[in-house]
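Trainee: I have a new chain open on my screen. Could you take me through it, please?

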Amino acid sequence: MTTPSRLPEPYERNGSNLADILERVLDKGVVIAGDIRINLLDIELLTIKLRLIVASVDKAKEMGIDWWEEDPALSSSASRRELSKENERLRHRVEELEEASPRER
């Protein structure tokens with residue numbers, strides 16, 4: 001006599017899926033920190049300090065972290081500000097050179 005094969009019970013997730021977990025992590029934020037040191041005969045050759053923060057942009061700003069807004073590689077407005085500052089420095093330098101040039105003649 002054969003018995004019908006029974007399928008395994010579905011895996012219980014306790015109401016959490018990946019989206020819920022990700023939402024919680026981004027809402028609260030997670031900090032991962034660690035140091036890697038390479039020594040040879042008690043002489044430190046290399047130290048790498050790792051700091052990783054996983055959070056939403058809003059949560060990061062709430063914590064006072066907004067470095068991406070000032071990085072010209074990541075922000076178009078920061079890039080424009082950087083170009084504007086460089087342009088102003090160059091204009092000032094040209095003016096200085098033009099003022100110095102007639103005196104030398």
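Mentor: Read along the sequence, the chain follows the pattern α-β-β-α-α. That comes to 3 helices and 2 strands, where helices (H or I, at least four residues) and strands (E, at least two) are DSSP runs numbered from the N terminus. Please note that this is a predicted model, in which local features need pLDDT of at least 70 and side-chain atom pairs count only at pLDDT 80 or more, while totals for chains, interfaces and linings use all residues. Residues are numbered from 1 along each chain as its sequence is written, and side-chain values use heavy atoms, with hydrogens and water left out.

Trainee: What share of the 105 residues counts as buried?

Mentor: Of the 105 residues, 4% count as buried. Buried means under 20% relative accessible area, exposed means over 50%, and partly exposed lies in between, with a 1.4 Å probe and protein chains only.

Trainee: And how much accessible surface does the chain have?

Mentor: The accessible surface comes to about 10,100 Å², and 55% of it belongs to carbon and sulfur atoms. Such areas come from the Shrake-Rupley method with a 1.4 Å probe; for residues, only the protein chains shown count as cover.

Trainee: Which residues form the nonpolar patch on the surface?

Mentor: Ile36, Ile38, Leu40, Leu41, Ile43, Leu45, Leu46, Ile48 and Leu50 form this patch, with about 860 Å² of accessible area together. Patches are made of residues with over 30% relative accessible area and no salt bridge; like charges are joined within 9 Å, and nonpolar side chains (Val, Leu, Ile, Met, Phe, Trp, Tyr) within 5 Å. A salt bridge is a side-chain nitrogen of Lys or Arg within 4 Å of a carboxyl oxygen of Asp or Glu.

Trainee: Which element supplies the largest share of the patch?

Mentor: The largest share, 5 residues, comes from β2. Both β1 (30-40) and β2 (43-54) supply at least two residues each.

Trainee: Where does leucine 41 lie, then?

Mentor: Leucine 41 lies in the loop between β1 and β2. Leucine 41 is exposed, with a relative accessible area of 76%, and has a positive phi of about 55° although it is not a glycine.

Trainee: What about aspartate 42: buried or exposed?

Mentor: Aspartate 42 counts as exposed at 80% relative accessibility. Aspartate 42 also lies in the loop between β1 and β2, and its phi is positive, about 60°, although it is not a glycine.

Trainee: Changing topic, what follows α1?

Mentor: Glycine 29 follows α1, with a positive phi near 90°.
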